[in-house]
Amino acid sequence: VALFRWTEQGIQNVKDTTKRAAKFSDAVKKAGGKVKDVYWTMGRYDGVIIFEAPDDETATAIMVGGCAQGNVRTETLRAFDERAMKKVLAKVRR
């Protein structure tokens, strides 16, 4: 999950935001991942991107590449679906 905020450049070119999202989706696909959803939001963040990547390093590279274009700043959260969380819980020692 990635939260994004527009930079000054990004808000000045806000009419291109859906085009930028499509380019981002293409970049994720080329890196072996998939964008599941993009939402534009009101409040503290301007949007949320839900995407999958082959590994954390690829996810980080994707986000750094996107930020390098200067339109957004992001906060990325590693999310676990139920199956992955069960694997995590199986490793918990008490």
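Start with the second largest pocket of this predicted model, which has a volume of about 440 Å³. To get to the middle of it, select Arg 20, Ala 21, Phe 24, Gln 69 and Val 72: of the 22 lining residues, these are the closest to the centre.

Now colour by secondary structure. Strand S1 (2–6), helix H2 (17–30), strand S2 (34–40), helix H3 and strand S4 (72–76) each give two or more residues to this lining. Which element gives the largest share? That's H2, with seven residues. Switch to colouring by residue class and you'll find twelve nonpolar, six polar and four charged residues around the second largest pocket.

Next, hop over to the largest pocket, at about 540 Å³. Pick Phe 51, Glu 52, Ala 53, Arg 78 and Ala 79, the closest to its centre among 19 lining residues. Keep the class colours on here: the lining of the largest pocket counts ten nonpolar, seven charged and two polar residues.

Is Thr 58 buried or exposed? It counts as buried, because its relative accessibility is 18% and the cut-off is under 20%. Show its contacts, skip residues up to four places away in sequence, and you get Ala 31 and Ala 53. You've already picked Ala 53, one of the residues closest to the centre of the largest pocket.

Terms used
Residues numbered from 1 in each chain as written. Predicted model: local features only at pLDDT ≥ 70, side-chain atom pairs only at ≥ 80, totals over all residues. Heavy atoms only, no water. 1 Å grid on protein atoms, 1.4 Å probe; cavity = no way out; pocket = protein on both sides within 12 Å on 5 of 7 lines; lining within 4 Å. Points joined across faces, edges and corners; volume = space filled by probe spheres on them. Nonpolar A, V, L, I, M, F, W, Y, C, P; charged D, E, K, R; others polar. Helix = DSSP H or I, 4+ residues; strand = E, 2+ residues; numbered from the N terminus. Buried < 20%, exposed > 50% of the residue type's maximum accessible area, 1.4 Å probe, protein only. Contact = heavy atoms within 4.5 Å.
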